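Good morning, and thank you for making time for this item. I would ask you to keep the sequence and the structure in view while I speak.

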Amino acid sequence: GKSFALLDFSSPSSWMDFKQSQEYDVHFLAYRERNIPYVGNFNTGEIDAYMGVVNQLRIDQLFLENTPIYVKMSIGSLEPQSRGIDSPLITSVLGYDILKVFSAIQIDFDANMIKFASSEKYKPNESLLVGKTKIIEEKNKGLVVEGNFFGTSSPIVLDLTGDYYLTIPESNETITRQLSFGNLVFRKIPTQRFDSIPRVGKKLFEDLIITVCPSEKIVYFEHIK
């Protein structure tokens with residue numbers, strides 16, 4: 001069967017609605033004859049969710065087998081995990097727990113293209129490379145990288161699904177003067193107040209190609225060819 005999935009680097013867990021889980025023959029995991037519930041800190045819209053395993057997921061010619069995923073006991077909606085997208089209907093969300101098993105994932109917003117590599121080491125085009133940054137291990141935060149606010153280093157969530165520029169917890173400013181990732185510098189960034197850790201959305205990177213390399217713990221930023 002085919003379905004539409006949302007790739008969410010900022011989500012530490014992957015999700016599927018109950019109807020889709022039945023079509024994909026998800027096997028629920030249990031401990032002492034009780035299903036294992038989701039106990040993380042992400043908003044599930046007050047709907048119960050339980051841990052399961054998908055026998056096989058396929059993205060183009062890449063196959064993922066025995067993949068853990070949380071099943072929300074809902075039908076036809078993965079809100080708020082689906083970010084308000086109702087066309088097409090999102091029945092699955094691939095979080096960073098799944099995405100980090102790839103050697104490289106490249107996102108080109110301009111070309112509406114995502115490329116996956118399962119084993120090859122990515123070599124950026126040095127003539128197009130404008131910056132790179134380290135991936136930081138942060139529990140229950142998804143893809144977190146090293147950023148810099150005016151010389152002050154800070155962990156920042158890369159939310160490449162989010163339709164915004166920048167959020168900062170407890171910020172009273174609508175514009176952030178400067179944010180950098182290695183040699184890549186952004187200035188006068190529209191800013192919102194949200195979450196417990198700074199987050200950057202896809203609007204900050206729409207004119208760049210982003211390549212996430214989880215095994216090397218590095219993210220590359222390149223100009224569009």
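Predicted model: local features only at pLDDT ≥ 70, side-chain atom pairs only at ≥ 80, totals over all residues.

Residues are numbered from 1 along each chain as its sequence is written, and side-chain values use heavy atoms, with hydrogens and water left out.

Let me begin with the sheet. Strands here are DSSP runs of at least two residues, numbered from the N terminus, and two strands pair if DSSP finds at least two bridges between them. In what order do the 6 strands of the open sheet run? The order is E1-E8-E2-E7-E6-E3, and the pairing is mixed. At the edges are strand E1 (4-7) and strand E3 (27-28), each of which pairs on one side only. Strand E2, residues 15-17, and strand E8, residues 90-94, pair in the antiparallel sense over 2 bridges. Met16 has Ser92 in E8 as its bridge partner.

Patches are made of residues with over 30% relative accessible area and no salt bridge; like charges are joined within 9 Å, and nonpolar side chains (Val, Leu, Ile, Met, Phe, Trp, Tyr) within 5 Å. A salt bridge is a side-chain nitrogen of Lys or Arg within 4 Å of a carboxyl oxygen of Asp or Glu. Accessible areas come from the Shrake-Rupley method with a 1.4 Å probe. On that scale, buried means under 20% relative accessible area, exposed over 50%, and partly exposed in between.

A patch of negative charge on the surface gathers Asp110, Asp163, Glu206 and Asp207; Asp and Glu count as negative, and the charge is placed at CG of Asp or CD of Glu. Glu206 sits in the loop between strand E17 (199-201) and strand E18 (208-213), and counts as partly exposed because its relative accessibility is 41%.

Leu29, Tyr31 and Ile36 form a nonpolar surface patch, with about 270 Å² of accessible area together. Leu29 belongs to the loop between E3 and strand E4 (30-31), and its relative accessible area of 33% makes Leu29 partly exposed.

Two further loop positions deserve mention. Glu173, between strand E14 (166-167) and strand E15 (175-181), is exposed at 53% relative accessible area. The C-alpha atoms of Glu173 and Pro190 are separated by 8.9 Å, at 17 residues apart along the chain. Asn140 lies in the loop between strand E11 (129-136) and strand E12 (144-149); its C-alpha atom is separated by 24 Å from that of Leu179, 39 residues apart along the chain.

Finally, the backbone. Most residues other than glycine have a negative phi, and most peptide bonds are trans. Which peptide bond has omega near 0°? The bond from Ser87 to Pro88 is cis with that value, and the bond from Glu79 to Pro80 is cis with omega near -5°. Pro80 lies in the loop between strand E7 (62-72) and E8, and Pro88 is likewise in the loop between E7 and E8.

Phe150, not a glycine, has a positive phi of about 50°, and is found in the loop between E12 and strand E13 (152-159). Lys188 also has a positive phi, near 50°; Lys188 is in strand E16, residues 184-192, and counts as exposed because its relative accessibility is 68%.

Note on methods:
Helix = DSSP H or I, 4+ residues; strand = E, 2+ residues; numbered from the N terminus. Buried < 20%, exposed > 50% of the residue type's maximum accessible area, 1.4 Å probe, protein only.
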